Amino acid sequence: MDRKAFFARACVVGLLFATGLAHAQQRGATKFGVYADDDGTLVLSPAVTVSGTPVEGATVGASYLADIVSASSTDLVSAATKHFEERRDDVSGNLSYTTRSYLTLGGAFDWSRETDYRSYTPSAFVAKELFDRNLTLSAAYAVSLNTVGRSGDPGFSEAMTNHSVTLSGSQVLSPDTVLGLTWQGQFARGFQASVYRYASVYQLGSLAFQTPEVVPDARDRHAAAVNLHHHLTGPIYLHGDYRLYLDDWGLLGHTVSGQLFYEISKDLFVRFGERAHWQTGADFYARRYETRLRYMTSDKELSPLWSVTTGVKIDYLWRSGAGALLSGLGINAKVDFIHVSYAEFEPLDALNAWVGELGTSVTF
Amino acid sequence: MKRLIALSVLAALAGGCANVKPWQRGTLARRCMALEGDPEEAVLEQHVFAYREGAAGAHGGRGGGCGCN
């Protein structure tokens, strides 16, 4: 076990122990996600989270998430790898402390491992509530240290580091409306290609040769989002979100989403959601390459595309009165349908996917 | 886009002047109004979209102001 893995596991054990000592406001939650698409990918994602308040103002938490992937998608066929199955383990922990003047300081770490990838991400944030808690400002920084490997090739190892800075603010506009603004910059350096993906070069209308994907080793990404949450009337609440994305690979994206909540009772609500995303392709992406270029990719996520997501969620949270040992018990379920349309990706015109989730929570 | 951002900032500043009092925040404290919703759902959702799209980020904002903690 390497030092990073040992440190990550030691932190989780420590956090779980600290959470176990907590005497108030302990929460445990589970989530089981299923992703299936018509391109041959199936992902099962069980997750468990625990958090607690060991002393007033402090919160500690830990979570575990697994991705169990079975895939034989178009990307893999183009890479001459017909099918693969693998598992990713992701462990994270966090702690924060809020003072009586509503200043919050926090830190977290995330460690994930799969057959050919290791990632370790420490992070820190600060948040301050101002003007009678009408305005919340926060800043966060994370650095993700990644080691990229290649399955079946123990000699292959490349590094990639991603620095992430997030600035955000939320403002209470009225007793019925909250506005949120977020900017995030991500600055990645190092190996960012897929070791399994090949770009095809066509000459005189037929495939001449395939070459391993090559992309720049630096990528600066910026995303800015506006969120508005509003209580419309009676049991009806509306959320609206817009995100602008751009990076120095030439990708520009717009994402709009809206959600309508119907509060059936104090404990139960139904949420209907719609999301639309549109993006241009990276500057070096081409439907067909006719000669070898410095940068070449067959990554459909770097091609021009649009997608729509439609979903519904039902969420029930029972809460007991003050003084009870068990203070809350929740269950929720969600189904999303995603349609992605690729304008310039030859192997695939469109992709349809279903996402299902079932969650539970308990609060002491 | 610039107009949208400018309008949002102006709206935020105007709201700051409104100064909603703690006893007026019953609605803001409801689950349907939370800026940070179901944390487990958010992790899985960002994971799905990060693999299906080239764009990512700006999910990390922190909510506040509900007066519920």
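Guide: Let's start with Phe131(A), in the loop between strand S6 (117-130) and strand S7 (135-150) of chain A. Strands (E, at least two residues) and helices (H or I, at least four) are DSSP runs, numbered from the N terminus. This is a predicted model: local features need pLDDT of at least 70, side-chain atom pairs count only at pLDDT 80 or more, and totals for chains, interfaces and linings use all residues. Residues are numbered from 1 along each chain as its sequence is written, while chains are lettered from A and ligands numbered from 1 in the order in which they are written.

Visitor: Why is Phe131(A) called partly exposed?

Guide: Count its neighbours. A residue is buried if 20 or more other C-beta atoms lie within 10 Å of its own, exposed if 12 or fewer, and partly exposed in between, with C-beta atoms placed from the backbone. Phe131(A) has 16 C-beta neighbours inside 10 Å, so it counts as partly exposed.

Visitor: What is the phi of Phe131(A)?

Guide: Phi of Phe131(A) is near 50°, a positive value in a residue other than glycine. Most residues other than glycine have a negative phi. Tyr102(A) also has a positive phi, about 65°, and is not a glycine. Tyr102(A) sits in the loop between strand S4 (84-98) and strand S5 (103-114) of chain A, and with 15 other C-beta atoms within 10 Å it is partly exposed.

Visitor: What makes Leu351(A) buried or exposed?

Guide: The count again: Leu351(A) has 21 other C-beta atoms within 10 Å, so it is buried. Leu351(A) lies in strand S18 (residues 350-363) of chain A. Leaving out residues up to four places away in sequence, Leu351(A) touches Asp37(A), Asp38(A), Asp39(A) and Val340(A). Contact here means that two C-beta atoms, placed from the backbone, lie within 7 Å.

Visitor: Which residues have the most contacts inside the largest nonpolar core?

Guide: Val178(A) and Ala223(A), in a core of 25 residues. A nonpolar core is a set of buried Ala, Val, Leu, Ile, Met, Phe, Trp, Tyr and Cys residues joined through C-beta atoms within 7 Å. Strands S8 (153-174), S9 (177-190), S12 (218-233) and S13 (236-247) of chain A each supply at least two residues of this core. A second, separate core of ten residues includes Leu351(A) and Tyr35(A).

Visitor: How do you know what span helix H2 (residues 39-52) of chain B should have?

Guide: The expected span is 1.5 Å times one less than the number of residues. The 14 residues of H2(B) should therefore span 20 Å, and the end C-alpha atoms are 20 Å apart, which agrees. Seen down the axis, the buried residues of H2(B) fall within an arc of 125°, so they line one face of the helix; the arc is that of the directions from the helix axis to the C-beta atoms. Those buried residues are Glu40(B), Leu44(B) and Glu45(B).

Visitor: Where is Arg31(B), and what is it in contact with?

Guide: Arg31(B) is in the loop between helix H1 (2-18) and H2 of chain B. Beyond neighbours within four places in sequence, Arg31(B) is in contact with Phe269(A) and Leu317(A). Across the two chains, 66 residues of chain A are in contact with 39 residues of chain B.

Visitor: What pLDDT does each chain average?

Guide: Chain A averages 91 and chain B averages 74, where pLDDT is the predictor's confidence in each residue, from 0 to 100. Where pLDDT is low, the predicted coordinates should not be read in detail.
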